[in-house]
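Please look over the sequence and the structure shown here, and then read the report that follows.

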Amino acid sequence: MTNTIRVPAPADFHVHLRQEEMARLVVPHVRKGGFSLAYVMPNLKPPITTAALALEYKAQLQAIDPSVEYLMTLYLSPDLTPDDIIKAKEAGIVGVKSYPRGVTTNSDGGIESYEIYYPVFEAMQRVDMVLNLHGEIPSDPLTVSIHVFVILSLSPIQNTCVLNAEPHFLPHLHSLHKAFPRLRIVLEHATTRAAVEAVKACGPTVACTITAHHLDLTVDDWAGQSFHFCKPVAKYPDDRQALREVILEGHPRFFLGSDSAPHPIDSKAISTASHGCAAGVYTAPILLPLLAHLLESFGALDRLEGFVSTFGRRFYQRELDATDPEVIILQRADAFVVEDKYEAEQVDVIPFWAGKRLGWQISSQ
Ligand SMILES: [Zn+2]
């Protein structure tokens, strides 16, 4: 039985590092969770829409923990021009993230249709920037008014809700890939068998991130448990099985993006009739041990290095060379218990698997 695993420079290709006090609490957890590269999401308030804002944010993150490499992204919005893309590329910005309007945290400025962005995508393809897709379409609008028949006749029911929002998005992935075959596209945090198959059917420029928590959760786990609620929501057991299978297969276009997304306890645990709970699962401080634990549970421990290091780094052209000294050592653990919460003065955060035991921990040597 393996008791020690050496993982070269784990990289998390989708993480939310927030702002101000929350950032000061959670940024050090990237390193604590075993990671030395963070692909940083731009959905701040206000969103990161220019290269200048991205560089300012990167400097704030570096001031908190300079030992992590931060790869920055822009938030796709109608204000973004092909010229901005060229400037962003020159400034070292790696990708552009698209959020469908209103689907997740701070996505009110998200997109409604992709065609208007084609000149931006053309520029991204030319300068080789990555398009990161939150692959869900918005749910059908509520049709509870007395004008229901009028509304229905104007906008036919799509039957879209959180359970099928991702499969309903996949035709957009295919048309984007067809229109821009050389544009590197990442379908973020896939949760369904349909998404896995769609990405597999695309060419080498299309990849897919998978979170740790979607390898564990299904619908039953978040229905009634707000700390397991995230977007996209975890789906059916067969969908979770598809995510596990593609990791077992060692498919090089499927790699880790944790979507680790901290929210203050009072926005997760308190929901009222007029206010639901925030979407997001917080995995950063335990990420590498959690992944080793989960991958081992379905017989994929030998795929850990590919999933958390090699495959994503290759797609993002951040491959390690032989002289890179960064190696994280995991040791088998009898009683590594996940902390109940992480506290700062004004914000507390509850991590995924709080109080539960993990079979692996990061060695301090
Ligand atoms: Zn995210």
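Predicted model: local features only at pLDDT ≥ 70, side-chain atom pairs only at ≥ 80, totals over all residues.

Strand S9 is itself mostly covered, with five of its five residues buried. From S9, Val206, Cys208 and Ile210 point one way, while Ala207 and Thr209 point the other way, and all are buried.

S9 pairs with a strand on either hand, running parallel to S8 through three bridges and parallel to S10 through three bridges as well. In general, the strands of a sheet pair through backbone hydrogen bonds, in either a parallel or an antiparallel manner. A further parallel pair, that of strand S6 (residues 95–98) with strand S7 (residues 130–133), is held over four bridges. The table lists these pairs, each with residues that stand opposite one another.

| Strand pair | Bridges | Residues standing opposite |
|---|---|---|
| S6 and S7 | four | Gly95 and Val130 |
| S8 and S9 | three | Ile185 and Val206 |
| S9 and S10 | three | Cys208 and Phe254 |

These strands belong to an open sheet of six strands, in which the pairing is parallel and the order is S5-S6-S7-S8-S9-S10. At the edges stand strand S5 (73–75) and strand S10 (254–256), each of which has a single partner strand, so one side of each is left without a neighbour in the sheet. On average, and with direction ignored, neighbouring strands of this sheet are turned by 30 degrees against each other.

Taken as a whole, the chain has 13 helices and 14 strands. Its radius of gyration is 20 Å, close to the 21 Å that the globule rule gives for 365 residues, so the chain is as compact as a globular protein of that length. Along the principal axes, the C-alpha atoms fill a box of roughly 65 × 45 × 45 Å. Of the 365 residues, 46% count as buried, and among contacts with a separation of 6 or more, 72% are between residues 24 or more positions apart.

Definitions and conventions: Residues numbered from 1 in each chain as written. Helix = DSSP H or I, 4+ residues; strand = E, 2+ residues; numbered from the N terminus. Rg over C-alpha atoms; globule rule 2.2 N^0.38 Å. Buried ≥ 20, exposed ≤ 12 C-beta atoms within 10 Å, placed from the backbone. Contact = placed C-beta atoms within 7 Å. Pairing = 2+ DSSP bridges. Axes fitted to C-alpha atoms, helices over the stretch in contact; angles between N-to-C directions.
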